[in-house]
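Have the model open while you read.

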Amino acid sequence: MDLSLPYRLQNLIGGSFLPPAEDRWIDILNPATGIVTGALPDSTAADVAAAVSAAQAAFPSWSVLPAEERFRILNRIAALIEEHQEELAIAETNDNGKPLWLSRRVDIPRASANFRFFATGIMHFAGESHSMEDKAINYTLRQPLGVVGCISPWNLPLYLFTWKIAPALAAGNCVVAKPSEVTPATAYLLGRICVEAGLPAGVLNILHGTGPSCGEAIVAHPAIKAISFTGSTRAGARIASIAAPVFKKLSLELGGKNPNIIFADCDWEKMMTTTIQSSFANQGQICLCGSRILVEESIYARFKTDFLQRVADLTVGDPMDAGTKQGALVSRVHFDKVMAGIERARQEGGNVLCGGKPVHPEGRCAGGYFIEPTVIEGLGPHCDTNTEEIFGPVVTLQPFRTTEEALQLANAGQYGLSATIWTQDISRANQVGAKLEAGIVWINCWLLRDLRTPFGGTRNSGVGREGGWEALRFFTEAKNICVEL
Ligand code: NAD
C-alpha cells in the first residue's frame, strides 16, 4: 500500500475519500519550518450529516458482527500501522513539530497498541449476572450505543485519535471522528489503512475541520449518542453545554496543571532523569507533564543547580535530527500563547532561571516555532502562572517544608489530572497519593502506562475515565434483564 500524502487531504465518508461539501480548505503548516505543506477540508454540518448517514447505514451489520470478526479487522489495522510506522512517524513529525525519534518510539507504536489492545479486549468483555437466590436472575447486556463521535487534540495526534476510535469500534459502534485541524495527516492515513484492512464502509468516518464548524456539528447531531473528547477545558465546557441538555453520554479528557512532588529522600538520579522528561517531553505539550515542580526545601538549592545544568543540555532544533531533544511547538498560535505565558510570569514577579526566549535554528527550520526550555521560580501557588495551563516547555519551582504544605501546594488550583511523587518512604508516598486531587498518581515514575487502568481527571481536568473496561463500558449501554425463575 502506498501511503503518500496528497496535497489536499479528503474526508473519509462511507468508505470513499471525498472533498468537503462546501469546497473550503484550510492550510496545513509544518511548524518546524513555518511552510505550508498542504490543505485539509474545512468541513461543515453537511459533511457531518453525510458521515452520520453512512455510519447509521453501517451500524446494523457492524454491531452484530461476532466479536471475533471485529477482533480480526482491528488487529489487521494494528498490523498495518506497524508495517507503515515510518511513513506515519514522518507525517506526524511534519504536522506536529515533535522529534522524529519520539514519533517513531512513542506515538505510532502506541497507535498500533491501542488497536491491538481493544481488539483483544473485546474478546474478553462480558456482561454481569446477579442472582436473587431462587427468585430471579438478572443479566446485564452491554450493547453498542449506535453512532458515536470522537474528537481529539494535536499534541499526540494518532495516539489519542486511536485511543478513542479503537474501543468505540471494538464495542460495535460506528464512529464519526475528527482529529485536530492542526495535525490532520496521520488521521487521514489511518483512514487509508482502515480501508485496506477491510473495515466495512461507513463503520469509521473521518472528518477534517475546525472545532466551531465541524466539531460542534458532530456534538450537536441528534443521531450521535455519545461524545468522547480530549482537548482543552474551554472546549470541553462548550461541548458539555451542547450535549448535556440532550443527555448525550460524555467522556471529557481536559487540561492539567500537574504537580511533581519531590521529597529529600528520593532516588536522586532516577528523579532527575525522569523530571527532565516529565517537564519537557514533547515540548511540554503532554497533558500529563508535571509543570509545577514542588521541591522539599532542604534539597531545593541542590535540585535547582542540577536541574538547570541538565536543562541546558536539551538541544532544541530540527525535529528530523536524531540529536534533537526538543522540536517545534505545534503552531504559531500556540507559540504566541506560550510566549505570552512566560511574559505573564515575569509580570507576576517570577524569576526566569533559564530559557524564556524563542529559538531560531539555522537552515530549513529558521522560520519554525521553537522556544527554549524555561524554568521559573519565585511564584506562589495562586498566581495565573501556577494555576493556568501553559502547555509548553515551561515549568515552575516551588519549595515546601512539610508534607502538609506539599499537599496544599499540589492541590491548589482547579485542575486534577495527574501528579507525581518522589520519595523512598513508601508509606508517605501512599498517604500523599490518597490525598491528592488527581485522577492519576505516579510514585517514583512518570507516564508508565498500563492500558487496562482507568485514565482521566477530576475537577477541571474532565469527567469520566478512558482505558480498559472503562472505555468499553463508556461505549456500551448497560441493559439489565430480570427473569423470574
Ligand atoms: P482544543 O480544545 O482546542 O481542541 C481539541 C479538539 O477539539 C480539536 O479537534 C478541535 O478542533 C476540537 N474542538 C475545539 N472546539 C470545539 C468545539 N466547540 N466543539 C467541538 N470540537 C471542538 O485543544 P488542543 O489545543 O487541540 O489540545 C490541547 C489541550 O488538550 C490541552 O488543554 C491539553 O491539556 C488537552 N489534553 C488533554 C488530555 C487528557 O487526556 N486529559 C490529553 C491531551 C491533551
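## Ground rules

A polar contact here is a pair of N or O atoms within 3.5 Å; within protein, one must be able to donate a hydrogen and the other to accept it, and residues adjacent in sequence count only if both atoms are side-chain atoms. This is a predicted model, where local features need pLDDT of at least 70, side-chain atom pairs count only at pLDDT 80 or more, and totals for chains, interfaces and linings use all residues. Numbering starts from 1 along each chain as its sequence is written, and side-chain values use heavy atoms, with hydrogens and water left out.

## Two domains and their interface

The domain assignment (bounds come from an automatic or database assignment) gives domain 1 as 11-254 + 461-484 and domain 2 as 259-451. Taken over C-alpha atoms, their centres sit 30 Å apart. Domain 1 puts 33 residues into the contact and domain 2 puts in 30, with contact meaning heavy atoms within 4.5 Å.

Between them, the domains bury about 2,400 Å², 60% of it on carbon and sulfur atoms; buried area is the accessible area (1.4 Å probe) that two parts lose on being put together, summed over both. On the domain 1 side, Ala 32, Trp 154 and Ser 461 supply 22% of the area buried against domain 2, more than any other three residues.

## What holds hands across it

Ten residue pairs are in polar contact between domain 1 and domain 2, both residues at pLDDT 80 or more.

β3 (25-30), α3 (85-96) and α4 (100-124) each supply at least two residues of the side of domain 1 that touches domain 2. Helices (H or I, at least four residues) and strands (E, at least two) are DSSP runs, numbered from the N terminus. The largest share of that side, seven residues, comes from α4.

## Helix α5

Helix α5 (residues 157-170) has 14 residues and spans 20 Å from its first C-alpha to its last, close to the 20 Å expected (1.5 Å times one less than its number of residues). Of its 14 residues, 14 are buried, meaning under 20% relative accessible area, with exposed over 50% and partly exposed in between (1.4 Å probe, protein chains only). Just after α5, Gly 172 takes a positive phi of about 100°.

## Ile 206

Ile 206 belongs to strand β9 (residues 204-206) and is buried, at 2% relative accessible area. Leaving out residues up to four places away in sequence, Ile 206 touches Asn 11, Leu 12, Phe 161, Ala 177, Pro 179, Ala 187 and Gly 191. Its C-alpha is 9.4 Å from that of Phe 17, 189 residues apart along the chain.
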